[in-house]
Amino acid sequence: MHPLLDRIQQTFSAGVIGLTEWRGDVAVTVSRNTLHEVAQFLRDDPWMDFDYIVHVSSVDWPDDEERFEVVWEFYSIRKRQRIRLKTRVPESDCVVDSLTDLWRGADFMEREVYDMMGIRFRNHPDLRRILMPDDYTEGYPLRKDFPLRGKGWRDTFEFLDEAPR
Amino acid sequence: MAFEDQRTTVYKIDPEHPESETLPTLRTEELLLNMGPQHPSTHGVLKVILELEGERLVKSTPVMGYLHRGVEKLAEDGTYHQFIPHTDRLDYVCAMYNNFAYCRAVEKLLNLQVPERAEYLRTIVAEVQRIIGHQFWLSAQALDIGAMTVFFYCFRDREILLDWFDELCGARLTTSWYRIGGVERDLTPDLIDKLKQFLDYFPPKIDEYQVFLEKNRIWLGRTKGVAVISAEDAVSFGLSGPVLRGSGVDYDLRKYEPYSAYPKCEFSVPVGKNGDTYDRYWIRVMELYESVKIIRQCLEQMQEGPIMADAPSVTLPPKERVFTNLEAMIQQFKLFSQGFDAPPGEIYCGTEAHKGELGFYIVSTGGGKPYRLKIRAPSFVHMGAFDHMARGYMISDACTIFGTYDIVMGECDR
């Protein structure tokens, strides 16, 4: 197994759900409760040293019990290594801990995830929509149940018999 | 003549004893100013709500999304090949590098090897694009600060390269020349000649750009010590590219996660010291010289060979065959309409575009379309640090900071 994954598993036996390595990408899936603890470890542990946040993303799996997957990607400038941290949340209670206290760049990235997928971040300083308008009420665009090709409005237009003169 | 009304009182300080007058409650009030969404210095449609104390910025809140077109959602509806033209429209002044970053990500997902000549061609064109990007940045930044002349000089030389792109792929801005597994067509001897001529012509022109700025007191005054960000903060905010290197952090994916033909070229990565706007300017100008170096080396080292990976189930057939051969046409049609069968899994692949780290995170569940595609856009991440970097500077420095990020709103809002 990858040495990073080994070390994570030894430190957090209970909270770690899955460890994968595919195409050279190392990924850790943790339970929602241990997320902040693991993230802190990733940043502060001298073997990990992940000081750079790459992106925060989310994936919608509508058929799963825990529907949403939140994904963070970190890089270590000194150690030149990457890791992906993932956690799952159910639709009924889609809240995860914000990591803005550890990486300041997480602020905008988490706002985007909230905007696009509707996942709330606990302790986020300014959780508002970022790309969609503030008063947008039609849901969260990147969810799989948000229609991909319009909402059928264009089928409801009335056609005039004659072009107005 | 002092103007007095009921709300404002003008206090006069005795010049003999300035400290004697305890300045009482001078009326201060924070001013809220909307900058944008239509403002020439915001590089697209962006609004920033500035909270001002006098002319000082106390807090700035970017309001984005005016150019949001739902590119990530669109990606879920099309095949992998169909998404390439969408990437052009992300950072529309540097389409080639977006294509490059996307194709690399899909190749990582497929574990596809690109032939050597294609890697060289990709590197050459990517560096030409980097030159264009930096020229565009330099002209826009100088214009924001008030230096008009550089703009014309940069655009004169940029035009040569855009014409070169036009000859290469038939488009100046939205190029779509990269393909998954290789490139669309080879460089003709004529194009190589033209590029070589440009490489001889260009370095003296970079010196020329610098002459306009490096001894210009206005330029120095408005860039030195403006929008300083420490290395620690820059890393914590996830800044990348010249903005991060300006703070003295040596982070360049071309060097440290080498890809394409970069490991075979010798080039250096300029790193700044002070983390101010001037250092970021200096880095970009130095990168112009480095790009010229990289292109030269690639042209020398490049050997004849195929320009597309030998994987017919994934890669498109050459265009000439599509028009003359029935099987090739069917193959092209099937690849575009149904796509190829990507293995299930997820990857992240970052590429050093000229703005910073442009990354694609792709989740595949098999089949011809990506299940989820996330774009890590450097402009978006940089905007996250705007409030931090602008705090305490003057309102006119806000324009400088937009410029120093090199933001393009098409990429920021996606």
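1. Strands here are DSSP runs of E of at least two residues, numbered from the N terminus. The model is predicted.

2. A:Arg80 sits in a loop of chain A, between strand S4 (68-76) and strand S5 (81-89). Its phi is positive, about 55 degrees, and it is not a glycine. Most residues other than glycine have a negative phi.

3. Is B:Ser176 exposed, partly exposed or buried? It is partly exposed, because it has 18 C-beta neighbours inside 10 Å, and buried would take 20 or more.

4. Now the contact between the chains. On the chain B side, 32 residues are in contact with 25 residues of chain A. Elements of chain B that give two or more residues to this side include helix H1 (71-75), helix H8 (231-236) and helix H14 (378-383). Strands S6 (345-352), S7 (357-364) and S8 (372-376) of chain B are on that list too. S6(B) gives the most, with four residues.

5. What is the make-up by class of the side of chain B that touches chain A? It has 13 nonpolar residues, 10 polar and nine charged.

How values were computed. Residues are numbered from 1 along each chain as its sequence is written. Chains are lettered from A and ligands numbered from 1 in the order in which they are written. This is a predicted model: local features need pLDDT of at least 70, side-chain atom pairs count only at pLDDT 80 or more; totals for chains, interfaces and linings use all residues. Two residues are in contact if their C-beta atoms, placed from the backbone, lie within 7 Å. Ala, Val, Leu, Ile, Met, Phe, Trp, Tyr, Cys and Pro count as nonpolar, Asp, Glu, Lys and Arg as charged, and the others, Gly among them, as polar. A residue is buried if 20 or more other C-beta atoms lie within 10 Å of its own, exposed if 12 or fewer, and partly exposed in between; C-beta atoms are placed from the backbone.
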